[in-house]
Amino acid sequence: MSGSRSAKARQADHPAPRRTVRWRLVVLLLLAGVAVAANAAWWLARPQLAPLPSIPMDQLEPRVAGIAAAALAGVEQDGRSAMAWGDLGAVLRAHDLGPQANVCFRNAELLDNDDYRWPYYLGVSLSVTDLESAVECYRRAAQRAGDRPHVHLRLAEALLDRGMPAEAEPVIERVLASHPTDARAQLAKARCLFSQEKLQESRTWAEKSAAAAPDMRATHLLLAQLCRRLNDEAGQDRALEALASIPAEITPWSDPDVAALLGLRQDRAARLRSAAELARSGLTASATAALSELAQESDPTASAALALADALVDDRKYAQAEKLLREYLRDQTDDERIRFRLGVACFQQGNYPQAAEEFRRTIGLKPDSFMAHYNLGHALQKCRDAQGAKEAFLAAVRLRPGHGLARANLAALWLKEGNREEARHHLNVAAKLIPDDPTVRSLIRQLGPSTP
Amino acid sequence: MTARRALALCGIAAVFAVAAYGLWRYAFPTPSASRAKSTSVNEAPPLFEEITSTTGIDFQHWCGDGGKFYFPEVMGSGIALFDYDRDGYLDLFVVQGMPAITGGADRSTGKQPAKASASSRLYRQEKDGRFVDVTEEAGLMDEEPYGMGVAVGDVNNDGWPDLYVTKFGRDRLFLNRQGRFEDITASAGIDNPRWGTSVCFIDYDRDGWLDIFVTNYVDYYPSQRCIEPNGSEDYCHPGEFSPAPAKLYRNVTATMAPSGSESENEGVPAVRFQDVSFEMGIDGKPGPGLGVVPGDFNGDGWPDLYVANDAAANFLWINQQGSKFVDEAVVGGAACDIAGKPQSSMGVASGDINGDGMNELFTTHLDGEYSTLYVQLAAASFEDRTARAGLAGATIPFTGFGTAFLDMDLDGNLDLAIANGRVRRPDRDRAPPADPAAFWRAYAEPNQLFLGDGKGGFALVASAQPFCAEPHVARGLAVGDLDNDGDLDLVTSEINGPLRVFRNVAPRAGNWLMVAAIDPQRGGRDAYGAVLTVEAGGKRWSRDINPAYSYLSSNDPRAHFGLGQVDSVDRIIVRWPDGSEESFAGGPANRLVTVRQGEGNPP
C-alpha cells in the first residue's frame, strides 16, 4: 500500500513533465508513422516499369544492331530515364520491332507523363493492331501536346475512323481555330461533315483543303465521292482528273514526330531507298557509291546488286553492269531478275545473240514477263530473225494488249511480211494508244489512207 | 501508452498513408488501362459443328513449302460447291496448291509430305451425306502447279456446270461432259499466263453465253526475297511487285459455231472464248486483284463487277451495256476506306444487309486494317460504314480472306462469316521454325462469325463457337446447303491443312426458302445474274443468283432466304439476266423451289 501511495504522490508532484514526454512520444510516433506511410506510398506509387524487352540482336543487320545496342545502353545506364526508354522504343519501332517498342514507350510514359511523344508513338505503333487502344493513347498525347496540330489531328482522324465524329469535331475545331489554313484539319472537317451527311458543307471544306494541299489523294477521293452524291458531274470529272495527275503512292501528312522516327532507320531497305532518291535527283555518282557499298555487304536478296546494275545501265556503264551481274549469276543461276538485266546489258553493248539468249532464259524462269518477251522481240529483230521477233511481240501483246509500242513493232513486222490486214489491226490499236509516236506515224503513212 | 492508443496511432498513420498515396496518384497519374472493347459479343449457342471426319473428305492442302518464302505459298486455295452430276446434292471441288506429284520439298525434311493430296480433288456427295473422291474418274487429275481459285459456270449451255481453275502458272478450263471433265483450255482460246486468283462467270454482254472474268494478282518475281527492317524474312508485300491486269474472256461459242453447226464431239458446240480485256477497258487498269463479285450495282440491268485489290484501291467496273467497263469505285465510294486509304483487300462478299433492295459490299483485309463494309446508299454509290456497323474493332486484329453474307439462324437477317489467317509472322523477332507445322502455326488465327440485326449492324459471336475456336491458317470459304435441310453450311480451306466442313446446327429462329433459278432455253443452267425478290408477310428480301464471292471460291448457286417467323411466301419476283421480269406464285416456306425463265407471270 505504501509503495502505491508514494507513486501516486510522485505523480502528483511532477505531473507536467510526464505528460509532455508522453505527448512528445505521440507526436514522434505520429511523425514516424507519416514518414513510414509516405515512404510506403512513394514505393507503392513508384512507376512499376516493365522489364527490358528481348531484342533479337543476332537477327538484326549490323548497322541496326549497332544503333539498337547504343539505345539499349542508354536504358541500362539510367533505367529511370524516360528519354532513354523513349529513344530505345523509337529505334525499335523504326525497325519493325513493334511489341518491344511498345514496352519501351509505356515505360517512358510512366516515367515522364508530361511528354506527349511517348503516348503518341505508342498510339502510332498500336494503330496497326488495336485502334481502340491507339485512340486512348492519342487522347493522352493530345492532352499534353499543346499547340501541335499533327497530334490533335491524329486523334481526330482516329476518332473519325472509329465512327465517332461527334468527339472528333471539337478536336478539329480547336485546331482550325489556331491553324485556320491547315489543309489536314480542313480535310478532317470535311470528313466529319461527310459522315454527318452534310454534303454541301463537306464539299466546301474539301475544296479548301484541296486548294491548300493539291497533292493529297485522300482529298480528291472525297471530292469525287461528294460530287457524285451531289450530282455534280463536272466536279466529279475535275476530281478524277486531279487524281490522275497525282502519283499513286500515298503522300503522308507532315508529321515531325513520325519523320524523326523514320529517320532512325538504318536497315538495308531504307538505305536502298535513300540511294534510289539520290539517283532520282540526278546524283548518279553518289547513288552508285552508296549502292556499291551496299552490294559489298552480305545480302540474300541481291537487291543492292540489282539496283546497282540498274544504276550502271542508266549511267551507260554497260560492261561494268554485265561484270557485276555475271558475278552474281555464279551463285544464283536461276535468278530471273539477274538474267533479265544481263540481257539488257548485253543488248546495249550490241551483243544481240547473247541478249536474246538471256531474255529466253528469263522467260523460261518467268513465262509471264512482258518485258522479257518484248525485249526478246527487239533482240531477235537485231539478229534478223523476223519470225522469232514476231512471235516474241505476239507473246508480249497477249500479256499486255494495251502496250502501244509492242503493237507498233508487231504491225511493222506484219507489214514487212506483206500482211497488211494484220499490220493494220495492230497499228489501229497502237494509233489509239500512242498517236504521236513517230514509228506509229511512219507506219500509218506506209499503210495508206484507210488507216485512221 | 495503452494498446488502444497504439492502435489509434497506427490507424492515424494508415489514414495518412492512404491520403498520401491518394495525393501521389492524383499528382502523378499512371496511364489508364485501355477501355474495354466496345464490340458487342453475342453469347450464341453453337451455330456450326465440324463434321469433316464423318464426310469422308480427306483433302490435305500443300503449299510447296520449300522454306524460300515463295509468295504463292501464303495465298491458299479455293473451294467450289456445285452439283457436277446433277443429282440434286452439292458436290465439292478443292484446289491443290502444289500437287504432291509435281515436286517441291518440305522445308525441314526435303521431301514431299506423305499426306498431301496428289492433285486438286473432286468429291461427289452421296445421298447419305458422305463424300467420295471421284477425281480420277471425273478426269480432273491436274499435275500442274500452282492452283489458286475456282469458278463454276456452264460455258456451253448444256446444263452441266464446268470448272475454271486459276493458277500461278497457266489457268485451266475443264468442260463437264455429263459428269466427266475435259481440259479444253487451249482449244477454247484461254491463255492466262499471269498469276490468276479469284474468277467468276458473268454474261456481261447478255447474249446468253457465260463469259469469264479472271482477277490477276501481281507480276511476281520468284527470286525476289523480302527481308523486314528487323532482319527477319517473310512473305513479300504485294507492293514489291507491279500489279497485273485482269482478263475478260468473251464467250463466242455461238458466233464460232453458228446455229446448226456443231462440233463432232457429242453434238455439243465447240467452246470458244476471245480475250476482250483490252477492248473492254479492263486491261488498261492493272490492280493486284484477289477477290471478285459480280452484281448489278447501278441497277441498269447489266452485270457489273467489284474487284478487291490487295494494297490498292478496289475497282467497281460498271458495265456500259456490254460495250465497255468503266471503273467507278472512286466516285462510288467503294475504292478506299473512309479516310481515303487503299486497303489490303482479299475476299469480298455482297448482300442486302438492311433490306433496302441494294447490295452492300464487304471486303476482308490485313491485320491492322479493319475489314470494310461499304453500304450502298444509291445506285453504285457506297459509303464506308464499318465502324457504325460494329465491324471495325473486331476485325482489325485479324487477316481476313474468305467471307460471306448468309442468314445462319434463319431470322431473316443476313449474318457474316470470315475465314482468317495471317500472311505475316507475328513472331518475326525469332527465326522461323523448320518444322512446317510449327512454322504455319504462327500464322493461325480464329475465324469469326457476326450476327446481323437486319438494319446494318453486326454483333460478334462468342469465340467459343466450333467454327471460331481453333486457330487455323484459313483462306477459302464456301457456303452452301450441303444436306438440303434449309440452312447454310460452311467449308473452309487452309494452308498446309485439311479441308474443314461445318454443318449448320444453329437454333432456328425462323423459316426458310431455297430458290433455284434456271433458264430452260440454255440447257437448264443456273441463271447467273438473276435477282430474286421474295415477298412475304409484308417484308421483302432480295438475293442474287451468283456463286462467285468470298475468296478464290465458288458457292451454292441457289438463293437462300431466311424468313424469320413468316411461314408462307406471297410471291417470288425474278429479274432475269436479260432484263425481263417475271413473278412466280409463293406458297409455304421451308422448301426448295425451282423457278424457270418463261414459266412465270408478268410482275
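Predicted model: local features only at pLDDT ≥ 70, side-chain atom pairs only at ≥ 80, totals over all residues.
## Crossing of α8(A) and α9(A)

Helices here are DSSP runs of H or I with at least four residues, numbered from the N terminus. The contact involves, among others, Leu153(A), Ala156(A) and Leu160(A) of α8(A) and Ala168(A), Val171(A) and Val175(A) of α9(A); two residues are in contact if their C-beta atoms, placed from the backbone, lie within 7 Å. By class, this contact has eleven nonpolar, one polar and two charged residues. Ala, Val, Leu, Ile, Met, Phe, Trp, Tyr, Cys and Pro count as nonpolar, Asp, Glu, Lys and Arg as charged, and the others, Gly among them, as polar.

## Side of chain B that touches chain A

In chain B, 59 residues are in contact with 68 residues of chain A. Helices α1 (3-27), α4 (386-389) and α5 (392-395) of chain B each supply at least two residues to that side of chain B, and α1(B) gives the most, with nine residues. The side of chain B that touches chain A comprises 29 nonpolar, 16 polar and 14 charged residues.

## Chain B as a whole

Chain B contains seven helices and 41 strands, strands being DSSP runs of E with at least two residues.

## Conventions

Residues are numbered from 1 along each chain as its sequence is written, with chains lettered from A and ligands numbered from 1 in the order in which they are written. Local features need pLDDT of at least 70 and side-chain atom pairs count only at pLDDT 80 or more, whereas totals for chains, interfaces and linings use all residues.
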